[in-house]
Amino acid sequence: QVQPVESGGGLVQPGGSLTLSCAASRSIFSINVMGWYRQAPGKQRELVATLTRSGTTNYPDSVKGRFTISSDIAKNTVSLQMNSLKPEDTAVYYCNVQGTMARGIPYDDWGQGTQVTVSS
């Protein structure tokens, strides 16, 4: 099983910033979409940000203007810059990589998750 590798979670005060990184573990040429999702205790997993192969980004209103997703093609990584963090941003953050392997076989890889806690 191929799994992206996340890093960068931790504890931060409200109003602070944190950057998450994810190494895709796939050929950059096969990737269609990279993204971040989160899951808070007792809640469903939700979209945080996605970045398509063509450079299109997507954010829900809850993080728009505060979070920025970007990629480093040379390193085959995707990052999530989180600013103005709020206690409600506390969750386990998961990296997701979707693409197509040889012979058209799709894949949908999930990382193990990294904890982000926003608290004073």
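**Reading a predicted all-strand fold**

Guide: Leaving out residues up to four places away in sequence, D109 touches V2, P4, R26, C95, N96 and V97. Contact here means heavy atoms within 4.5 Å. The model is predicted, so local features need pLDDT of at least 70 and side-chain atom pairs pLDDT 80 or more, while totals for chains, interfaces and linings use all residues. Numbering starts from 1 along each chain as its sequence is written, and side-chain values use heavy atoms, without hydrogens or water.

Visitor: Is D109 buried or exposed?

Guide: D109 counts as buried, because its relative accessibility is 6%. The scale uses a 1.4 Å probe on protein chains only: buried is under 20% relative accessible area, exposed is over 50%, and partly exposed falls in between. D109 sits in strand 10, residues 106-110. Across the protein, 39% of the 120 residues count as buried.

Visitor: How many helices and strands does the protein have?

Guide: There are zero helices and 11 strands. Both are DSSP runs numbered from the N terminus, with helices being H or I of at least four residues and strands E of at least two. Read from the N terminus, the order is β-β-β-β-β-β-β-β-β-β-β. The radius of gyration is 14 Å, close to the 14 Å from the globule rule for 120 residues, so the protein is as compact as a globular protein of that length. That radius is taken over C-alpha atoms, and the rule is 2.2 Å times the number of residues to the power 0.38. The C-alpha trace spans about 50 × 25 × 25 Å along its principal axes. Of the contacts with a separation of 6 or more, 54% join residues 24 or more positions apart.

Visitor: Which residues have the most contacts inside the largest nonpolar core?

Guide: The general idea first: in soluble globular proteins, nonpolar side chains tend to be buried together. A core here is a set of buried Ala, Val, Leu, Ile, Met, Phe, Trp, Tyr and Cys residues joined through side-chain atoms within 4.5 Å. The largest one has 27 residues, and W36, V48, F67, I69, L80, M82 and Y93 have the most contacts inside it. Strands 3, 4, 5, 7, 8, 9 and 11 each supply at least two residues of this core, with strand 9 giving the most, four residues.

Visitor: Where does S84 lie, and what is its phi?

Guide: Most residues other than glycine have a negative phi. S84 is not a glycine, yet its phi is positive, about 50°. S84 lies in the loop between strand 8 and strand 9 and is partly exposed, with a relative accessible area of 40%. R103 also has a positive phi, near 65°. R103 is in the loop between strand 9 and strand 10, and is exposed at 81% relative accessible area.

Visitor: What lines the largest pocket?

Guide: On a 1 Å grid over the protein atoms alone, a pocket is an open set of points where a 1.4 Å probe fits, with protein on both sides within 12 Å along at least five of seven lines; lining residues have an atom within 4 Å of a point. The largest pocket has a volume of about 210 Å³, the space filled by probe spheres set on points joined across faces, edges and corners. Of its 14 lining residues, I28, T52, R53, S71 and I73 are closest to the centre. Strand 4, strand 5 and strand 7 each give two or more residues to the lining, and strand 4 has the largest share, three residues.
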